[in-house]
Amino acid sequence: MEKLFISDGLGKLLKIKYGKVQIDNHIFRLHYEVTMPIILAFSVMISGTQFFGDPIHCIQKDDIPEKTLNTYCWVESTFTLLKAFNKKVGVEVAHPGVDKYEPGDEVKEHAYYQWVCFVLFLQALLFYVPRMTWRSFEGGKVKSMLLELTRPIIKEEDKQTNIAKLVDYFTSKSRRHDSYVWKYTLCEIMNFVNVIGQIYLVDRFLGYEFTSFGPEVVRYVDDDPENRLDPMVRVFPRVTKCTFHRYGSSGDVQKHDALCLIPLNILNEKIYIFMWFWFVILALLSGLSLAYRILVFTSPRVRYYLMLSLDRFTPQDKLDIVLTNMSYGDWFLLQQLGFNMESKNFRDLLVKLADEKKSPSLIKKTNKTANESSI
């Protein structure tokens, strides 16, 4: 799968690869070149702490072995009391969410931390799905059409031969590339749906508190330090309660209460606050990308200026001829070539395409003149 997912993600962050054929835009690449490796890195960080460190430390006054209690509370989950979040720390309660349990108190269970590393890994894979789908749809089409025209220095004879091949292709395959662009648009929609779906997924995973997480953190920063309650502590408590039951010496069930410190949540809260802001930004950019796609589809004038931006030295009259009656799919494929091709070679391709489109009309006019002369 492209030499594992990380080879096309984190590897690109560490090493810039020049001359690589690009078949998508910058916003598309944010999903699999930036977001995917970042979330994978988060998953590795959490896994290292969870499986090779001490993710939980429980305190109790009884003779229960510490390791046994830690393992039990980690596996069976811990809890906080909602009523204790509204009490003043250091006066009414020792820690946010930690208080004496009384029958009828509303309890919030915390078991998500066991699954964070696995959910993050799943999220990273989901960010790669649109990329993998588009690569399957695209099938190396752009790369095969570029020939050697990506090189700034090429023999004139070879360049003209390759350009002639492309001109012949676009002439014979005119208006046959609509499915190509719609498949790309489908993958852009998949990117947008994925990031929105991920926000919903994480919201459910964290007990429907993720969507309001970002605004509450911003509000917390602006609040009075004496009266504010850190919203991250509500979602990712550092100190929780755990109840352990065992048989006593006479066979009765004994209840043991413990305080559990979860240092892993210090890392979790930073990860998820970053993810909230990043997902919102990514969703907005992906939505703008779809709006841009609609604008380009509906406006031939916009397509004209976008093509002109690839090489401003292209004669505008030639570009007018090329784009006249060109379908959106043809334009999109031509633009893909322009993104990857050496600008001088792309300019020559546009000029040759214009000459090829103009030639049939000239031939027709010449034949008509010859017929009138013979009459």
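I started with L122, which sits in helix α5. Buried or exposed, or in between: what is L122? L122 counts as partly exposed because its relative accessibility is 42%. My cut-offs are under 20% relative accessible area for buried, over 50% for exposed, and partly exposed in between, with a 1.4 Å probe and protein chains only. L122 belongs to a nonpolar surface patch of about 340 Å², together with L126, V129, M132 and L201. Helix α5 (residues 116-138) gives the largest share of the patch, 4 residues. Patch members need over 30% relative accessible area and no salt bridge; nonpolar side chains (Val, Leu, Ile, Met, Phe, Trp, Tyr) are joined within 5 Å, like charges within 9 Å. Areas come from the Shrake-Rupley method with a 1.4 Å probe, and for residues only the protein chains shown count as cover.

**Ground rules.** I noted that this is a predicted model, where local features need pLDDT of at least 70 and side-chain atom pairs count only at pLDDT 80 or more, while totals for chains, interfaces and linings use all residues. Residues are numbered from 1 along each chain as its sequence is written, and side-chain values use heavy atoms, with hydrogens and water left out.

**Whole chain.** I listed 15 helices and 5 strands. These are DSSP runs numbered from the N terminus: helices are H or I with at least four residues, strands are E with at least two. Of 375 residues, 43% count as buried. The chain exposes about 20700 Å², and carbon and sulfur atoms supply 60% of that. I then took contacts, meaning heavy atoms within 4.5 Å. Among those between residues at least 6 apart in sequence, 75% join residues at least 24 apart.

**Core.** Which residues touch the most other members of the largest nonpolar core? They are F210, F213, Y272, F279, L334 and L349, in a core of 80 residues. Helix α11 (residues 264-298) supplies the largest share of this core, 11 residues. A core here is a set of buried Ala, Val, Leu, Ile, Met, Phe, Trp, Tyr and Cys residues joined through side-chain atoms within 4.5 Å. Beyond its neighbours within four places in sequence, F213 contacts P231, M232, V235, F236, E269, Y272, I273 and W276.

**Helix α14.** I checked α14 (residues 328-340) next. Its 13 residues should span 18 Å at 1.5 Å a residue, and its end C-alpha atoms are 19 Å apart, which agrees. The expected span is 1.5 Å times one less than the number of residues. In α14, 12 of the 13 residues are buried. Among them are W331, F332 and L334.

Helix α8 (residues 178-205) has 28 residues and reaches 40 Å from first C-alpha to last, close to the 40 Å expected. L206 lies in the loop between α8 and α9. L206 counts as buried because its relative accessibility is 5%. Leaving aside neighbours within four places in sequence, L206 contacts Y112, V235, F236 and Y272. L206 and Y112 are 94 residues apart in sequence, yet 7.0 Å apart C-alpha to C-alpha. G207 follows α8 with a positive phi near 75°. Y208, in that loop, has a positive phi of about 60° although it is not a glycine. I also flagged R175, a non-glycine with a positive phi of about 65°. Most residues other than glycine have a negative phi.

**Salt bridges.** How many salt bridges does the structure hold? I have 13, each a side-chain nitrogen of Lys or Arg within 4 Å of a carboxyl oxygen of Asp or Glu. E209 and K108 pair at 2.2 Å, N to O. E209 lies in the loop between α8 and α9 (213-222) and K108 in strand β3 (residues 107-110), so the pair ties together parts 101 residues apart in sequence. Both E209 and K108 are buried. K318 bridges to D355, with the closest N and O atoms 2.8 Å apart. K318 is in helix α13 (residues 316-323) and D355 in helix α15 (residues 343-374), 37 residues apart. Bridges with shared partners join E156, K159, K344 and D348 into one network.
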